[in-house]
Amino acid sequence: MTYIAPKAKVLAHIDRLVDWRRGLKPAPVTVEWDLSNRCVLGCQDCHFAHTHVKGPWAVKPRTLPMAFSSTGDTADVTVVVTALREMAEAGVKAIVWSGGGEPTTHGRWQEIVAAAAGYGLEQGMYTCGGLLTEASARFESEHLTWVVVSLDCKDAETYAAEKGVPAARFDDACNGARWLSGGKAAVGVSFLLHGDNWTHAQEMVLLARRLGATYTTFRPAIHAYPDLPSRCADYRGWITAALPALERISWAVDVEIDLNRFRQYLEWNGHGYSDCKGVQLNATVTPDGRVWLCPQRRGIEGSCVGDLSRESFAAVWARHPGHYHVDEGCRVMCRLHPVNQQIAALDVTPVHGAFV
């Protein structure tokens, strides 16, 4: 079974793409919501370290993206619950609790998750796992469709080095993943690979299995310039050496690796399309209640659609332009890149299209 297949999932929502072409504005399929801009980790590969208001990254030197403004601290529960009801009524199918910061640093996250479940919304969460108790993990696994624990490291020593925290936090994260496993939610354990750790991928798989995970997922750690995010900022030659090993691992039924993602990062030469239309199917909300066109442009001037603390979701979505022009401010291998690749392929009028 494949849990992570953004290109294939686009095909399940052709009706919404067709409605956009007809001039309508159907609700997004998925809304990614940052409940908090606080985080207890200082991950070296964090894409949103600049948003953190508390935690290791909030006190370390960091380069802020151009035209960035703060997106708040923690979400107002009343705003979230009201908007969740409006989203469900509009046709949103699922909410992803992400970041920004770590969702479970929000003091009332369980109350919010319960509200979303009450409105019939499916839910997923990206979490560090280390703040979960056995009871809260059980609650989460009973209410969510999936949870991904971003572990990234094979042992406590590398966890401490890569995330800038005491080594004991590794055991906390592992316990979180272990407690989540065995419930209703599919549990993924995620690892970002780079030149210094890809040779340990098999050990990472074995670790995730010991924790009881449903699957292990691997992605390349993406490094781009903060002031020019469309340009790669690292050496990617390690991917050439890693691909044969990753391909062997990918045959396991409990391993999720998009090898094309690694290949595309290795050979990155731009997005290959002029308009981002993945924003038709996906929206992002930050803790201050603002809705953003692109998950990678949280807090960036010019990409805010509206403010849920001041107006309804329907009013905000009515202003959605339906696309975003791809420019040098679009990040390398952005969150919606595979979605956009599929939509761009669907937009092409084939020669002799009547012959299938």
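1. Burial and basis. Of the 356 residues of the protein chain, 52% count as buried, where buried means under 20% relative accessible area, exposed over 50% and partly exposed in between, with a 1.4 Å probe and protein chains only. This is a predicted model: local features need pLDDT of at least 70, side-chain atom pairs count only at pLDDT 80 or more, and totals for chains, interfaces and linings use all residues. Residues are numbered from 1 along each chain as its sequence is written, and side-chain values use heavy atoms, with hydrogens and water left out.

2. Overall fold. The protein chain has 12 helices and 14 strands; these are DSSP runs numbered from the N terminus, helices being H or I of at least four residues and strands E of at least two. Its radius of gyration is 20 Å, close to the 21 Å that the globule rule gives for 356 residues, so the chain is as compact as a globular protein of that length. The radius is taken over C-alpha atoms, and the rule is 2.2 Å times the number of residues to the power 0.38. The C-alpha trace spans about 55 × 50 × 40 Å along its principal axes. Among contacts with a separation of 6 or more, 72% join residues 24 or more positions apart; contact means heavy atoms within 4.5 Å.

3. Second largest pocket. Its volume is about 790 Å³. The lining comprises 37 residues, with His 47, His 50, Pro 65, Pro 226 and Arg 331 nearest the centre. By class, 21 are nonpolar, nine polar and seven charged. Ala, Val, Leu, Ile, Met, Phe, Trp, Tyr, Cys and Pro count as nonpolar, Asp, Glu, Lys and Arg as charged, and the others, Gly among them, as polar. On a 1 Å grid over the protein atoms alone, a pocket is an open set of points where a 1.4 Å probe fits, with protein on both sides within 12 Å along at least five of seven lines; lining residues have an atom within 4 Å of a point. Points are joined across faces, edges and corners, and the volume is the space filled by probe spheres set on them.

4. Cysteines. The count is zero disulfides, a disulfide being a pair of cysteine sulfur atoms within 2.5 Å. For Cys 39, the nearest cysteine sulfur is that of Cys 128, 5.9 Å away. That is too far for a bond. Cys 39 is buried at 12% relative accessible area, and Cys 128 is buried at 7%.

5. Helix α6. Residues 156–163 form this helix, with Tyr 159, Ala 160, Glu 162 and Lys 163 buried. Their cover includes β4 (146–150) and α7 (168–180). Gly 164 follows α6 with a positive phi near 65°. Beyond four places in sequence, Ala 160 contacts Val 165, Pro 166 and Ala 167.

6. Strand β6. Thr 217 sits in this strand (residues 215–220). The residue is buried, with a relative accessible area of 6%. Leaving out residues up to four places away, Thr 217 touches Ile 4, Val 189, Ser 190, Phe 191 and Glu 256.

7. Backbone points to check. The peptide bond from Gly 99 to Gly 100 is cis, with omega near 15°. Gly 100 lies in the loop between β2 (94–98) and α4 (109–118). Met 333, not a glycine, has a positive phi of about 50°. Met 333 belongs to the loop between β14 (324–325) and α12 (337–347) and is buried at 1% relative accessible area. His 352, also not a glycine, has a positive phi of about 55°. His 352 is in the segment after α12 and is exposed at 61%.
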